[in-house]
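Please have the sequence and the model open while I talk.

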Amino acid sequence: FRRPGIYWHMLPTQAQGRKVVWDGRTKDGRKVLDAWPEEVITHRRNDEMKLELANGSLWQVVGSDNYDSIVGSNPKGIVFSEWAIAAKPEAWEYFRPILAENDGWAAFIYTPRGLNHGYSTYTMAMDNPEWFCELQTVDDTWGRGGTMSPEKVQAEREAGMSELAVQQEFY
């Protein structure tokens, strides 16, 4: 709200963005979009998955699968959600100069999926003092609103989830 501009929540595909964010529900059944207080929204465009905000900003759900269609939009901030499975991770290369020009920012939130671009981003950020990097496991989030207790993780192991998958998904 201090820096009016264009902000994106980018998922691997636009269709996934609609399912996860625009139409998504929390574990309690509430709409994900209810995180936005109604008093800050001046206009909602369901067809474009876009909110116009009281400060003049636009917040929109987009997909990295079709980044060419949004190049030139001049965002100030992008959340790359599910980054490790981005359909076209090269989208980051196209938007980073725009963010640099705008004194903007990017955030990458994801569960690792092997030694791919998500892993490369993580290892780069760990060694770069200009970046903030944090790994959160179920041990870090349980007790602070996290949903996976140690007992649930163990139940997944006992139900046949491989240790490799347990480490990837929970640790």
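Let me begin with a convention for sorting residues: Ala, Val, Leu, Ile, Met, Phe, Trp, Tyr, Cys and Pro count as nonpolar, Asp, Glu, Lys and Arg as charged, and the others, Gly among them, as polar. What we have is a predicted model, in which local features need pLDDT of at least 70 and side-chain atom pairs count only at pLDDT 80 or more, while totals for chains, interfaces and linings use all residues. Residues are numbered from 1 along each chain as its sequence is written, and side-chain values use heavy atoms, with hydrogens and water left out.

Now the pockets, where a pocket is an open set of points on a 1 Å grid over the protein atoms alone, where a 1.4 Å probe fits, with protein on both sides within 12 Å along at least five of seven lines, and lining residues have an atom within 4 Å of a point. The second largest pocket is lined by Lys 27, Gly 145, Gly 146 and Thr 147, and by our convention that lining has no nonpolar residues, three polar and one charged. The largest pocket is lined by 32 residues, with Phe 108, Ile 109, Tyr 110, Thr 111 and Glu 134 lying nearest its centre, and its lining divides into 19 nonpolar, ten polar and three charged. Which helix gives the most to that lining? It is H3, with five residues, helices here being DSSP runs of H or I with at least four residues, and strands runs of E with at least two, numbered from the N terminus.

Helix H1, residues 14–22, has Gly 17, Val 21 and Trp 22 as its buried residues, where buried means under 20% relative accessible area, exposed over 50%, and partly exposed in between, with a 1.4 Å probe and protein chains only. These three cover an arc of only 70° around the axis, which puts them on the same side of H1; the arc is that of the directions from the helix axis to the C-beta atoms.

Finally, Ser 81 lies in strand S5, residues 77–81, and is buried, with a relative accessible area of 12%. Leaving aside neighbours within four places in sequence, Ser 81 is in contact with His 9, Met 10, Leu 11, Pro 12 and Ile 109, contact meaning heavy atoms within 4.5 Å. Ala 107, by comparison, is found in strand S6 and is partly exposed, at 27% relative accessible area.
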